[in-house]
Amino acid sequence: MNTGLRITAFAAALAATFGAAYGVGTGFDPVVEEPAPAAHDEHGDPTPTPGGGDGHGGHESAPAGGLQIAEDGYTLDLDTPRVTAGRRTELSFTVRDDQGRAVTAYRREHDKELHLIVASRDLGTYRHLHPARAADGTWSTPVDLPRAGGYRVFADFTPARHGAENLTLGADLAAAGPYAPRGLPAPAATAEADGYDVRLTGALRPDRASELRLTVSREGRPVTDLQPYLGAYGHLVALRSGDLAHLHVHPNGAPGDGTTKPGPTVSFTATAPSAGAYRLFLDFRHAGKVRTAAFTVRAGKTHEATPAPSTHTEEPDTDHGH
C-alpha cells in the first residue's frame with residue numbers, strides 16, 4: 001500500500017469528555033509503545049536516487065494525510081470510539097460512500113484491501129493491523145492498548161470504483177484509565193527491536209524527497225535474509241509529532257524485481273510536509289516474525305541522523321496483526 005501517513009489534532013472536546021482517562025486497544029500487526037519497536041515484513045531495499053524512478057522509490061511523497069475523517073466522498077465511521085486501557089476489545093468500523101452506504105469492494109494494495117494504523121497521541125504506542133471485513137462492509141480487529149490516553153486510527157485503502165485514488169482517513173479513539181503523558185523519545189540513529197539492531201541513515205527533509213536507509217543486524221551480524229512482508233522487505237510509517245500527520249512513504253524496489261536484496265538494508269523515499277519532530281516505525285519480518293523498530297527524527301536538520309552515544313533507544317510498545 002502507499003503507506004499513507006496522516007495527521008489530525010486531538011480535539012479538545014475529546015479531552016474534555018474523557019479527562020485524564022484514555023486508552024487504546026492492541027492490534028495484530030505492529031504495536032509499539034514508547035519502549036520497544038516491533039517489526040513488520042517486506043518492503044524493498046535497493047539504493048535509489050531520491051526523487052528518481054527506481055522500483056517503487058523515486059516518487060514524490062504525497063501531502064500528509066489522516067487529518068480528515070472524510071475525503072473524496074468517503075467517510076470513516078468508527079463504531080468503537082472508546083475502549084478501556086489494558087482490556088482486549090473488538091474495534092469495528094465501516095467506510096461509507098457519499099450515499100452513506102458501506103463500501104464492500106476494495107483494491108488490494110500490499111497484499112491487503114485495507115491497512116489500519118493505531119497510534120497514541122504521544123507516539124509511544126503503535127500498531128499496524130489488518131482487520132477482517134464482513135460481507136456487509138464492517139471491518140473488525142481485536143485491540144488491547146497498554147496505556148490510557150488519546151489515540152488516532154488511520155484507515156489506508158483504495159476503493160475498487162474506477163478512478164478512485166488511495167485514501168488515508170483518520171478518526172480519534174480514546175482509551176479510558178489513569179493517564180500520565182510521556183515525552184517524545186530523543187532522536188537517535190539506532191534502535192533495538194526484539195533482539196535486532198536497526199541503524200537509520202539519511203535525513204527526512206521538509207518539502208523535498210530524500211532517501212532513508214535502515215540496516216538490520218543481529219548479534220553484530222548483518223541480516224541478509226529478511227522475508228517479504230506486504231510486498232516488500234520492510235514497511236515504514238511516519239507520523240508527525242503534535243498532530244500525528246500521516247506521511248506517504250515509498251519503498252524503493254520490491255522482492256523479485258532484480259535489484260532488491262533481502263537485507264540487510266531497506267530503502268525508502270519520503271518527504272516531510274514541514275520541519276519538526278517525526279516518529280518513524282519500521283516493520284520487518286525475519287524468522288517468520290514481524291518486528292518494529294521506532295526512531296525519532298527531526299526534519300529540517302542539515303545533517304543526517306547520527307548514532308546515539310552508546311545506548312539503544314527504548315523499544316516502543318508494538319504488536320502485529322495478521
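Which residue in S14 is the bridge partner of threonine 201? I looked this up to start the notebook, and the partner in S14 is arginine 213.

**Ground rules.** I am working with a predicted model, where local features need pLDDT of at least 70 and side-chain atom pairs count only at pLDDT 80 or more, while totals for chains, interfaces and linings use all residues. I count residues from 1 along each chain as its sequence is written, and side-chain values use heavy atoms, with hydrogens and water left out. My strands are DSSP runs (E, at least two residues; helices are H or I, at least four), numbered from the N terminus. I call two strands paired if DSSP finds at least two bridges between them.

**Around S14.** I followed strand S14 (residues 210-218) to its partners. Strand S13 (residues 196-201) runs antiparallel to S14 and is joined to it by five bridges. Strand S19 (residues 265-270) is also antiparallel to S14, with six bridges, and there threonine 215 has threonine 265 as its bridge partner. I then found two antiparallel bridges between S14 and strand S15 (residues 221-222), with serine 217 opposite proline 222. S14 and S15 make a hairpin with two residues between them, and glutamate 219 in that turn has a positive phi of about 55°.

**Two open sheets.** S2 is held to strand S3 (residues 74-78) by two bridges in the antiparallel sense, and alanine 70 faces threonine 75 of S3.

The other open sheet I checked has four strands in the order S17-S16-S20-S21, again antiparallel. Strand S17 (246-247) and S21 are its edges with a single partner strand each, so one side of each has no neighbour in the sheet. Eleven bridges link S20 and S21, which are antiparallel; in this pair tyrosine 278 stands opposite valine 297 of S21.

**The loop at glycine 288.** Is glycine 288 buried or exposed? I had found it in the loop between strand S20 (276-286) and strand S21 (289-299). Glycine 288 counts as exposed because its relative accessibility is 59%; the scale is buried under 20% relative accessible area, exposed over 50%, and partly exposed in between, with a 1.4 Å probe and protein chains only. I also noted glutamine 227, which is 61 residues from glycine 288 in sequence but 7.5 Å away in space, C-alpha to C-alpha.

**Nonpolar cores.** I use "nonpolar core" for a set of buried Ala, Val, Leu, Ile, Met, Phe, Trp, Tyr and Cys residues joined through side-chain atoms within 4.5 Å. The largest has 28 residues, and those touching the most other members include Val198, Leu214 and Phe295. Strand S12 (190-193), S13, S14, strand S16 (235-240), S19, S20 and S21 each supply at least two residues of this core. Another core of 25 residues lies apart from it, with Tyr74, Leu91, Val118 and Leu173 among its members.

I then listed the contacts (heavy atoms within 4.5 Å) of phenylalanine 295. Leaving out residues up to four places away in sequence, phenylalanine 295 touches residues including Ala188, Val198, Leu200, Leu214, Tyr278 and Leu280.
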